Amino acid sequence: MKGRSKSVGLLIEISISILFFSLFCAIALQLFVHAKTMSENSVLKTKAMSCAQSVADLFRSNEDFHDLIKEQYPNASILQDQIVISLDKDMQPISSDSEAYQLTASLNEEPTETGIMKTAQISVHSESAFLCSLETKKYFPKEAAS
Amino acid sequence: MQHSTAEKEHAILRFLIPFLLVCLFAVCTIIVTVSGLKVYLKIQKDTDLAYQSRTGASYVANRLRRTEGAISLKDNHTLLLTEDENGTAYETYIYFSDNTLWESTVLSGSEPINSEKIVEASDFSIQWIASDLLSFSITGADGRQDTRNVYLGKGDLNR
C-alpha cells in the first residue's frame with residue numbers, strides 16, 4: 001500500500017513536471033520563431049535600405065535621374081513624378097511579373113527664388129509590409145536649373 | 001494465482017507509465033534543444049553572410065565617400081584612391097585577389113604590399129556609371145550579390 005501511494009506520488013510529480021515543461025516549451029518555441037523572424041526582417045531591412053541609398057545616390061548625381069534609372073534598372077516603371085522598381089527578396093531588380101517588393105521614388109520639385117529644390121521620397125515595401133523610407137534633396141541654383 | 005497476475009500487470013503499469021512520461025520529457029527536451037540550435041545556427045549564418053557582403057560593401061562605400069583626393073579605377077576589379085598627406089602622395093589600392101578583397105596604402109608609384117584583408121568574397125567589380133557616380137558589386141561566398149551606387153559629389157575626379 002505504501003509502495004503504491006509512493007508510485008502514485010511519483011506519477012503526479014512527473015505529470016506536473018511535464019505540464020510545466022510543456023508550458024515553457026511553448027513559450028521557448030514562440031521565442032525561437034520570433035528570433036528567427038526578427039533576424040530575417042533585420043537582413044531584409046538592411047538590404048532594402050542599401051537599395052534605397054543606391055537610388056538616392058543616383059538622384060543626387062548631376063546626371064539626369066531618369067536616364068540613370070533607365071540604365072541601372074531597365075525594368076523600372078518610370079512616370080513623370082514617380083519611379084517604381086520591382087525587387088525580389090534579395091532586393092535585386094526583377095521584371096514586374098514576379099515582384100516581391102517594390103521600391104517607389106516619389107519626385108517633387110519646389111521652385112524657390114534662387115533655384116529649384118528637388119526632393120525624392122524613396123520607400124521600399126511589399127503589399128503587406130513596409131521596410132524603409134528615406135528622403136533626399138538636391139538643390140539646383142537658378143543659373144544651373146535654367 | 002489470478003490475483004498475483006493482476007498485481008504483476010499493475011506493477012508493470014506502475015513502472016511503465018512513469019517511464020513513458022520520462023521518455024516524453026526527454027523527447028520534448030531534445031525537440032526544444034534542436035529547435036534552439038537551429039535558430040541559433042540560422043542567425044549565425046545570416047550574421048556571417050551579412051558580414052561578407054553588406055559589411056564589405058558598406059566599407060568600400062564609406063571609404064569612397066571619405067576620400068578627399070582623386071578616385072580612379074585601375075581596372076574593373078581595382079580601385080585606386082590618391083591622397084596627399086603633408087606634401088607626400090599616397091595611393092590606396094582596394095583590389096580583388098584570391099577570393100578576398102584587399103586594401104593597401106603605399107607611396108605613390110609603388111605596387112601594393114602588406115595588404116590588409118577587408119572581406120572574403122567570390123567576386124568584386126567596380127565601374128563608373130556617370131562622371132560623379134561609381135557602381136560596385138560584391139558577390140559573397142553564397143553567391144549573393146550586393147550592388148551599390150555611390151555619389152561622390154566632386155568635380156575633379158580622375159577617370
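Buried, here, means under 20% relative accessible area, exposed means over 50%, and partly exposed is in between, using a 1.4 Å probe and protein chains only. By that rule Asp146(B) is buried, at 9%. Arg148(B) is buried too, at 8% relative accessibility. The side chains of these two residues form a salt bridge, 3.4 Å from N to O. Salt bridge means a side-chain nitrogen of Lys or Arg within 4 Å of a carboxyl oxygen of Asp or Glu.

Some background on the model. It is predicted, so local features need pLDDT of at least 70 and side-chain atom pairs count only at pLDDT 80 or more, while totals for chains, interfaces and linings use all residues. Residues are numbered from 1 along each chain as its sequence is written, chains are lettered from A and ligands numbered from 1 in the order written, and side-chain values use heavy atoms, without hydrogens and water.

How many salt bridges does the structure hold over all chains? Eleven. One of them pairs Glu40(A) with Lys42(B) at 3.6 Å, N to O. Glu40(A) sits in helix H1 (residues 2-60) of chain A and Lys42(B) in helix H1 (residues 2-66) of chain B, so this pair joins two chains. Helices are DSSP runs of H or I, at least four residues, and strands are runs of E, at least two, numbered from the N terminus. Glu40(A) is partly exposed at 36%, and Lys42(B) is partly exposed at 26%.

Next, Lys74(B) and Glu111(B) form a salt bridge, with the closest N and O atoms 4.0 Å apart. Lys74(B) is partly exposed at 47%; Glu111(B) is exposed at 54%.
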